[in-house]
Amino acid sequence: MLIFNLEFLTTEKLTMKSSFIAILFCFFAVSIVEAQERPLNIIMIGAHPDDCDIKSGGTASLFVEMGHNVKFVSVTNGDAGHMEEGGGMLAKRRIAETQEVARRLGVAYDVLDNHDGELLPTLDIRLQIIRKIREWDADVVIAPRPNDYHPDHRYTGVLVQDAAYMVGVPNVAPDTPPLSKNPVFLYFQDHFQKPNPFEPHVAIDITSVIDKKIHGLDAHVSQFYEWLPWIAGYADEVPEGKEERKAWLKEKRGGGINPAVRKSLEKWYGKAKADQMKYAEAFEVCEYGSQPSDEELKRLFPMLGK
Ligand SMILES: [Zn+2]
């Protein structure tokens, strides 16, 4: 009996020892995986070839500086966005502008060949978006909310929401392998109040990269110096010289920080730092896709708090 007990104890001790070694091994294995974790893949999806740049050019620049991969996608080809030009020639000009932005910011930039101003949330375009998200093996997807003044923005919001679950369904768009993990989906910031206002769950300090963001926007000559001033009635404000108009663009598009975004900056960076910030971009977590904890958001937005 005594012998049995001793044997039992010995076996138990051995089991404890192996468990301890196993736990230790797992701990180191996890640490090694964490240390070797691949860069994040971020995909931002806008309706027009300048939407992602306006809403998140700063955040994209920060991701790129930290070694992560960013792709901008324009769901339309921009062929309606001008007062004198249009059609295929305008689409070509705008695609060239996106490629200049890609060079300036270090992002990839894809333009889907759907007409500008005529976007509808069709199955065909939903499949195009599902494929883009899968091909990028996205960890994070950012798109407009479906409340917006522009129908193309609105339907881009719907299309991306409609893709949020389907990116993991193998029988949908079976020519492109499904994602094994559902990404986190977020919305770009906007000012629309109905039916519900934008909630800045994440706010990123972009003060250090504001000039880079403006440098990116400056590549969209057809938009920021021609079309947008014309349609909004301030074409006479655009300065002549290259440097002058870039400085003017920074004034025009730098944007302030509203109280809700300021509060979010305080949450993520602390009040003292947040008080010093001049430029920010904010995002709302979509209820579809993976639902991240604050810790997970910090992993997916590693510039937070820095
Ligand atoms: Zn747009």
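Which residue forms a salt bridge with K71, and how many Å apart are the closest N and O atoms? In this predicted model, in which local features need pLDDT of at least 70, side-chain atom pairs count only at pLDDT 80 or more, and totals for chains, interfaces and linings use all residues, the partner of K71 is D110, with the closest N and O atoms 2.7 Å apart. Residues are numbered from 1 along each chain as its sequence is written, and side-chain values use heavy atoms, with hydrogens and water left out. A salt bridge is taken here as a side-chain nitrogen of Lys or Arg within 4 Å of a carboxyl oxygen of Asp or Glu. D110 belongs to strand β3 and K71 to strand β2 (residues 69–74), so that their pairing ties together parts that are 39 residues apart in sequence. Helices (H or I, at least four residues) and strands (E, at least two) are DSSP runs, numbered from the N terminus. D110 is buried, at a relative accessible area of 19%, and K71 likewise counts as buried, at 11%, where buried means under 20% relative accessible area, exposed over 50%, and partly exposed in between (1.4 Å probe, protein chains only).

By the rule stated above, the count comes to 19 salt bridges. One of them joins the side chains of R94 and D50, at 3.9 Å from N to O; because R94 lies in helix α3 (residues 87–105) and D50 in the loop between β1 (41–46) and α2 (51–65), this pair links parts that are 44 residues apart in sequence. Both R94 and D50 are buried. R94 also forms a salt bridge with D116, for which the closest N and O atoms are 3.7 Å apart. D116 lies in the loop between β3 and α4 (123–135), so its pairing with R94 in helix α3 connects parts that are 22 residues apart in sequence. D116 is buried, as is R94. Salt bridges with shared partners also join E85, R93, E97 and E226 into one network.

The seven strands of an open sheet follow the order β3-β2-β1-β4-β5-β7-β6, with mixed pairing, two strands being paired if DSSP finds at least two bridges between them. Strands β3 (108–111) and β6 (202–205) stand at the edges, each with a single partner strand, so one side of each is left without a neighbour in the sheet.
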